[in-house]
Number of protein chains: 2
Amino acid sequence: MKIKKTHKLSGWELRFYSHDSRSTQTEMKFSVFLPQGVEKIDSAIIWLSGLTCSEENFMAKSGIGEILRDTSTMIICPDTSPRWLDLPWEHESYDFGSGAGFYVNATTDWYKDHYQMYDYVNQEIYNMLIEHFDISDEKISIMGHSMWWHGALILWLKNPDKYQSVSAFSPIVNPSSCPWWQKAFTGYLWEDKGTWKQYDACELINSWAQNKNPILIDQWTVDEFLKKELLTQNFVEACKAQNQDLELHMREWYDHSYYFISSFLKHHIEFHLKNI
Amino acid sequence: MKIKKTHKLSGWELRFYSHDSRSTQTEMKFSVFLPQGVEKIDSAIIWLSGLTCSEENFMAKSGIGEILRDTSTMIICPDTSPRWLDLPWEHESYDFGSGAGFYVNATTDWYKDHYQMYDYVNQEIYNMLIEHFDISDEKISIMGHSMWWHGALILWLKNPDKYQSVSAFSPIVNPSSCPWWQKAFTGYLWEDKGTWKQYDACELINSWAQNKNPILIDQWTVDEFLKKELLTQNFVEACKAQNQDLELHMREWYDHSYYFISSFLKHHIEFHLKNI
């Protein structure tokens, strides 16, 4: 594991790492925000970025430094897919392949050797927090934006003991009914609908009987993606049916950008610090 | 004046404008961060970005929203040069021409019709704050990064009644002795050394007898530009000779990026709110 770049900040250090990933069989990159001057960093939040992002967008644009000042919590932000490969269709569109790993373990012949992003986050990134950054496995939360929060939610739903809380901005929650995911599911999982359901939060929560901390979601009400892709209402109904607490904020007049994220990030971090 | 794009944020609104500029004879762009829910926006800070930046970099990367939350201060960020022209050498390098207006009123035949960035900020942006945003002319401060803070300092030194306070990150302070500026000065002002001195803070402060609020500077000690381009020590000595209060922080291990700016921006904003 190599440190590629370090920015020292006031009370914080921002580091960019690369390492050889077992899951993706490639070099992978991630970034971490580490508090300085605290006796021990005692908790961690995993941030999963949206389509087209790298490990840098969140760190550069979210304003996280000012929000995490005076806490003893770190944040880790992995890249959104393997890079430097040349698989079929991998670099042809913004919503599939590089920059769009969609958090699944691919099963198609083209992608199965490298696009194992579910395992990459759930095993490698998670274990790195414990082994390299000395975080307790009872002190890890997860959050994300857009496509990737779906990943965060799946991780949380399928591993109730691993993640203390989950939150999301403008998430995809019902991918089986969403054009983005139908394209991605087909490319990564082909037409095996049984496997599709294992990555669908609405499907998973329908068989959900855990008594967990509430979920927090901020959603833009006039989001151009809201109607076709995100299908928030389907998730609200699934939560209600399962008595799963959901703190949902429908924000009028916002958008799908990092300005939206930075605007409500403080509330999300406070939510995680309370539950972590 | 047209609003091109608006992002509504939590307690704030971020707007991107374009307008026809009298000074540059082109369309110019700027952005503003406006508090919402306060009775009146009662003060303003002008932010002048560094080389290569547009009116968007500071808004996207500085974390200003979280810092200005709960104040009644707006911030305005103009683009760093005219655009959409095709003057000789204008787009050939990152440190001259487009994205590098360097805050002068050009006198060379090639640039004098459009590169009037001193007037653009000092007159048009300033008056826009008063006329369009209803800010008192006793409630305006100025700050900036790298090349442009030189602009901010020149504006402050040459117009002591217009700006209440000035602060800077990694500023250029002695441009006559700095390779960047020698190139820019020659391109914009040719070889008229008398005019060069009108845009050199060290020269100006040597004839400075105002009793003004202190200047605040944050400078990276291992800044790759520090030795050749920024020449901070020359300015320290000039201030000392004139009894000009200077709050200078030499920050070990930082860099020239927006991570550096976001790290200490809160202190700069507090400095301006105290003096504005």
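User: Among the elements of chain A, which has the lowest mean pLDDT and which the highest?
Analyst: This is a predicted model, and chain A as a whole averages a pLDDT of 88, with 94% of the residues scoring at least 70. Among the elements of chain A, the highest mean, 98, belongs to strand β5 (residues 73–78) of chain A, whereas the lowest mean, 60, belongs to helix α8 (residues 226–230) of chain A. The answer is therefore α8 of chain A for the lowest and β5 of chain A for the highest.

User: What are the ipTM and pTM of the model?
Analyst: Besides the pLDDT average of 88 for chain A, the model carries two further scores, ipTM and pTM. The values are ipTM 0.78 and pTM 0.87.

User: What relation superposes chain B on chain A?
Analyst: Chain B is brought onto chain A by a rotation of 180°, with 0.0 Å of shift along its axis and an RMSD of 0.0 Å. That is why the relation is that of a two-fold axis.

User: Which element gives the largest share of the side of chain B that touches chain A?
Analyst: The contact takes 21 residues from chain B and 21 residues from chain A. On the side of chain B, the elements that give two or more residues are β1 (2–9), α1 (57–61), α2 (64–68) and α10 (258–275) of chain B. The largest share, 6 residues, comes from α10(B).

User: How do the residues of the side of chain B that touches chain A divide into nonpolar, polar and charged?
Analyst: Chain B brings 21 residues to the contact. These residues divide into 9 nonpolar, 7 polar and 5 charged.

How values were computed
Residues numbered from 1 in each chain as written. Chains lettered and ligands numbered in written order. Predicted model: local features only at pLDDT ≥ 70, side-chain atom pairs only at ≥ 80, totals over all residues. Least-squares fit on C-alpha atoms with pLDDT ≥ 70 in both. pLDDT = per-residue confidence, 0-100. Helix = DSSP H or I, 4+ residues; strand = E, 2+ residues; numbered from the N terminus. Contact = placed C-beta atoms within 7 Å. Nonpolar A, V, L, I, M, F, W, Y, C, P; charged D, E, K, R; others polar.
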